[in-house]
Amino acid sequence: MQATTLIAAAVLLLLSMSVDAQNTQQDKMKTCNTQAKAQTLSGDARKSFMSTCLSKQPAAAPKLNSQQQKMKQCNADAKTKGLAGADRKTFMSTCLKG
């Protein structure tokens, strides 16, 4: 029984990883299509552009603005200190104001 459950969990994990990879590729395809359309490319120029665009590494994560950076740092500090509940809330409030 446990072996069956373990195998089923492994299969679900592999399927979810495959879906994530497909979504990433689909997102990349949408982005490249949008860029090609914006440049009004067609024919061989579009094929060449799409090939180059799709073979590139994924775009870097968007840069965080200063408030997002502060939130990220405060969260990390709260986690490091092991804060929870009201203590965490108080710490986060003070940290984000400062």
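Start with Cys-74 and Cys-95: a disulfide joins them, with 1.9 Å from S to S. This is a predicted model, and a search through the whole of it turns up two disulfides. If the term is new to you, a disulfide is a covalent bond between the sulfur atoms of two cysteines. Here's a quick tour of both links, the core, and one of the helices.

**The Cys-74 to Cys-95 link**

- Cys-74 sits in helix α3 (residues 66-81) and Cys-95 in helix α4 (residues 85-97), so this pair links distant parts of the chain, 21 residues apart.
- The torsion about the S-S bond of Cys-74 and Cys-95 is about -85 degrees, and that's why the disulfide is called left-handed.
- Is Cys-74 buried or exposed? Its relative accessibility is 1%, so Cys-74 counts as buried, the cut-off for that being under 20%.

**The Cys-32 to Cys-53 link**

- The other disulfide is formed by Cys-32 and Cys-53, whose sulfur atoms are 1.9 Å apart.
- Cys-32 belongs to helix α1 (residues 2-38) and Cys-53 to helix α2 (residues 43-55), so the pair ties together parts that lie 21 residues apart in sequence.
- This link is left-handed, with -85 degrees about the S-S bond of Cys-32 and Cys-53.
- Both Cys-32 and Cys-53 are buried.

**How the cysteines pair up**

- Number the bonded cysteines of the protein in sequence order, and the pairing reads 1-2, 3-4.

**The nonpolar core**

- Which residues make up the largest nonpolar core? There are five of them: Cys-32, Ala-36, Phe-49, Met-50 and Cys-53.
- Helices α1 and α2 are the elements that give two or more residues to this core.
- The largest share of the core comes from α2, which supplies three residues.
- Look around Cys-32, skipping its neighbours within four places in sequence, and you'll find Cys-32 in contact with Phe-49, Met-50, Cys-53 and Leu-54.

**A look at helix α3**

- Helix α3 has 16 residues and runs 22 Å from its first C-alpha to its last, which is close to the 22 Å expected at 1.5 Å a residue.
- At the start of α3, Asn-65 has a side-chain oxygen that comes within 3.0 Å of the backbone nitrogen of Gln-67.
- Just after α3 comes Gly-82, which takes a positive phi of about 70 degrees.

How values were computed:
Residues numbered from 1 in each chain as written. Predicted model: local features only at pLDDT ≥ 70, side-chain atom pairs only at ≥ 80, totals over all residues. Heavy atoms only, no water. Disulfide = S-S within 2.5 Å. Helix = DSSP H or I, 4+ residues; strand = E, 2+ residues; numbered from the N terminus. Buried < 20%, exposed > 50% of the residue type's maximum accessible area, 1.4 Å probe, protein only. Core = buried A, V, L, I, M, F, W, Y, C linked by side-chain atoms within 4.5 Å. Contact = heavy atoms within 4.5 Å. Expected span 1.5 Å × (residues − 1). Polar contact = N/O pair within 3.5 Å; in protein donor to acceptor, adjacent residues only side chain to side chain.
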